[in-house]
Amino acid sequence: MFDLPALREASRLVRAQVPATPQYAWPRLAERLGCEVWVKHENHAPTGAFKVRGGLLYVQSLLARAPQTRGLVTATRGNHGQSMALAARNAGVPIVIVVPQGNSPEKNAAMRALGAELIEHGADFDQARAEAARVAQKRGFESVPPFHPDLIRGVATYALELFEAVAGLDAVYVPIGMGSGICGLIRTRDLLGLDTQIIGVVSSAADAFARSVEAGRIVTTETADTFADGMACRIPQPEAFEIIRQGAARIVRVTDEEIGQAIRIYHEDTHNTAEGAGAAGLAALYQERGRQQGRKVAVVLSGANIDRERFARVLGRAEKS
């Protein structure tokens with residue numbers, strides 16, 4: 001996929017536009033969970049999510065090998081789209097982004113503010129992705145996939161920052177959407193020769209990756225009905241599946257209720273905002289807190305792009321006694 005020098009070069013290129021995000025060990029999380037908890041704050045990235053790293057590297061690499069590129073088309077639920085829109089704007093290339101109908105209004109507004117032409121189509125991401133391919137062919141634009149080696153190498157720069165800043169991590173919990181984040185973590189861990197467990201997290205309502213790993217083959221689902229839209233995947237990418245199957249310690253399912261609890265914990269214990277997928281790692285660690293007692297664990301707060309009304313409803317929910 002890529003070697004360590006290529007990853008360090010990606011870090012240099014990404015760092016020119018995206019400052020390194022912090023990783024903090026939060027005392028109240030440690031008290032609550034009984035272990036040392038480091039949070040990798042990708043919610044502090046310029047678009048509020050880790051995906052920005054991959055988009056910047058992808059567009060730079062694409063234009064270096066195909067400078068005649070007329071435009072870009074991609075599909076998204078939001079964070080990938082913001083990443084690609086920012087990168088396309090910086091490069092002076094037009095971009096069309098296809099989102100499912102009923103997508104987050106605030107994520108849609110953010111993509112438009114970055115200069116993207118937005119098309120709403122289909123009931124979910126996979127239907128939007130099919131429409132994006134059709135639009136790209138019709139306009140003669142480059143179709144940007146949701147999973148690509150340059151996207152992985154770009155987002156893997158957050159893993160490099162985390163592992164080089166925090167030595168001796170026993171485990172890292174990371175959400176799985178299309179797979180770039182967890183695949184970047186796995187590859188970076190292996191390149192650095194570490195034995196840290198990488199634990200993937202999926203929504204119990206969108207668990208195609210978990211089912212696939214359990215079955216040893218690609219398994220798709222009919223729906224992906226979760227408010228954690230960054231994990232709403234029905235059809236796993238085969239390349240991501242192979243990397244996760246070989247490199248992840250396990251995959252944990254979390255419910256929307258558990259994700260909501262994790263969003264409230266982040267707000268109460270760290271005063272950080274987390275979107276659904278961004279809180280999933282903490283939700284899984286909370287679920288598995290008994291097996292992580294006394295250990296050194298990290299969670300990836302992958303994004304903060306949650307609509308205000310949704311955030312208010314989640315914060316307003318009372319915890320069960």
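I'll start with a list: in helix 4, the buried residues are Asn-79, His-80, Gly-81, Gln-82, Ser-83, Met-84, Ala-85, Leu-86, Ala-87 and Ala-88. Please keep in mind that this is a predicted model.

What do the buried residues of helix 4 pack against? There are helices among the partners: helix 3 at 52–65, helix 5 at 105–113 and helix 7 at 149–165. There are also strands, namely strand 3 at 72–75 and strand 4 at 95–99. After helix 4 comes Gly-92, with a positive phi near 75°.

Next, a helix pair. Helix 9, residues 208–215, packs with helix 10, residues 238–247, at an angle of about 65°. Their axes are 10 Å apart, and the crossing is right-handed. Helix 9 brings Phe-209, Ser-212 and Val-213 to this contact, while helix 10 brings Ala-240, Phe-241, Ile-244 and Arg-245. By class, that contact has 5 nonpolar, 1 polar and 1 charged residues.

Last, the annotation. An unreviewed UniProt entry gives "domain: Tryptophan synthase beta chain-like PALP" for residues 19–303. Over residues 19–303 the chain is 47% helix and 16% strand. The end C-alpha atoms of that stretch are 15 Å apart.

Terms used: Residues are numbered from 1 along each chain as its sequence is written. This is a predicted model: local features need pLDDT of at least 70, side-chain atom pairs count only at pLDDT 80 or more; totals for chains, interfaces and linings use all residues. Side-chain values use heavy atoms; hydrogens and water are left out. Axes are lines fitted to C-alpha atoms, for helices over the stretch in contact, and angles run from 0 to 180 degrees between N-to-C directions. Helices (H or I, at least four residues) and strands (E, at least two) are DSSP runs, numbered from the N terminus. A crossing is left-handed if the near helix is turned anticlockwise from the far one by less than a right angle, and right-handed if clockwise. Contact means heavy atoms within 4.5 Å. Ala, Val, Leu, Ile, Met, Phe, Trp, Tyr, Cys and Pro count as nonpolar, Asp, Glu, Lys and Arg as charged, and the others, Gly among them, as polar. Buried means under 20% relative accessible area, exposed over 50%, partly exposed in between (1.4 Å probe, protein chains only). UniProt positions are given in the numbering used here, feature names are shortened, and annotations may be inferred rather than shown by experiment.
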